[in-house]
Amino acid sequence: MLNTFEKAYFAALQALQRKDYSKAADYFKQAAPHFKDNKEFNLLHETTGLLLAVKEQLAAVDVDDDKIKIEETFSNG
Amino acid sequence: MSQVEALKSLESLLENFLERAVKLKQNQLQNLGGINRLDDIARQMDIRDDFTEEIGNWFAEHNPWLKENRFKPAEENRIQVILEQIGKKMSGSDLGSPAENKIRTEIDRWDRTIKESRKLVLKRGPETPRPYSPTKPAETTKPAEPVAASIARFDHTFQHLGAMFADLAVSRAHLLSVLDDSLKKAETQKNKEALILSALIIYYLKLDRYKISPYIRRLKEAEKSFGGSGKDA
């Protein structure tokens, strides 16, 4: 029988296939205790985490840009 | 390059990497999907009335895969274990419907086909005149970790050993060559599983009265790099 960690790793890979990176990161986290010595697992886990961090950073930059535009509109308007 | 451009470039790079990595595992993912579904069916047998239909559908969908011989040894092991569980649960029930009998026949056929495909692999190697007979592992009294976790970890390692052996043996004509490759992997890559596989092969060869002392010396040397004393190898 497959254990819960293996099922979580499989679900993480399926989420990566769907490009659902947030879900993939959740499943990687669940599977991590069982695969901590697996280099391939760690690479995919870390890369997904890094990608999410980049996306978060990008979203923050976008929000900052919007704020500046609004402020400029008010100051000139 | 602005900060946003740099971040977008990195985002694209990482997405591409993950996409390609998953694509490389496409076949394995499909196989795992099939095994995972079979596992789910086996787990829900007790609470679902339509399990015969579910299993029947699984066989219908995956029979071509068996003919294609696309499963790795470790995956075949998984399927055999799950099918065995399904068979046991079915024999526990009093029902003997035609659908159940058909499933029993399919389970037997899968079991037979998997065993036959392994026999073919063994026939290629002239170095294995006697079939391997597993011995009961020694019991440990070390209470350092929960029993279930230690069993799961060993099971995981065991699956890896099977896959590693299959990879190493594919281009070799003699078990001693596989042992040599496995020891090199343990020595140069500090690969613990290769070390365990080497020890297993050495013990197997010892029982077959091969001269193993040079390999034991190498095993002891390799073991030192893992923090072991190298005395008990």
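Biologist: Where does Ser213(B) sit?
Modeller: Ser213(B) belongs to helix H9 of chain B, which covers residues 213-224. Bear in mind that this is a predicted model.
Biologist: Is Ser213(B) buried or exposed?
Modeller: Exposed, because Ser213(B) has 8 other C-beta atoms within 10 Å, and the cut-off for exposed is 12 or fewer.
Biologist: OK, zooming out. What's the secondary structure of chain B?
Modeller: Chain B has 9 helices and 0 strands, so from the N terminus on you read α-α-α-α-α-α-α-α-α.
Biologist: What percentage of chain B is buried?
Modeller: Buried residues account for 16% of its 233 residues. As for contacts in chain B between residues at least 6 apart in sequence, 59% link residues at least 24 apart.
Biologist: Switching to the interface: how many residues of chain B are in contact with chain A?
Modeller: 24 residues of chain B, meeting 19 residues of chain A.
Biologist: Which elements of chain B give two or more residues to that side?
Modeller: Helices H1 (3-24), H2 (26-43), H4 (73-92) and H6 (147-169) of chain B. H1(B) provides the largest share, with 12 residues.
Biologist: And how do the residues on that side of chain B divide into nonpolar, polar and charged?
Modeller: On the side of chain B that touches chain A, 15 are nonpolar, 4 polar and 5 charged.

Notes: Residues are numbered from 1 along each chain as its sequence is written. Chains are lettered from A and ligands numbered from 1 in the order in which they are written. This is a predicted model: local features need pLDDT of at least 70, side-chain atom pairs count only at pLDDT 80 or more; totals for chains, interfaces and linings use all residues. Two residues are in contact if their C-beta atoms, placed from the backbone, lie within 7 Å. Helices (H or I, at least four residues) and strands (E, at least two) are DSSP runs, numbered from the N terminus. Ala, Val, Leu, Ile, Met, Phe, Trp, Tyr, Cys and Pro count as nonpolar, Asp, Glu, Lys and Arg as charged, and the others, Gly among them, as polar. A residue is buried if 20 or more other C-beta atoms lie within 10 Å of its own, exposed if 12 or fewer, and partly exposed in between; C-beta atoms are placed from the backbone.
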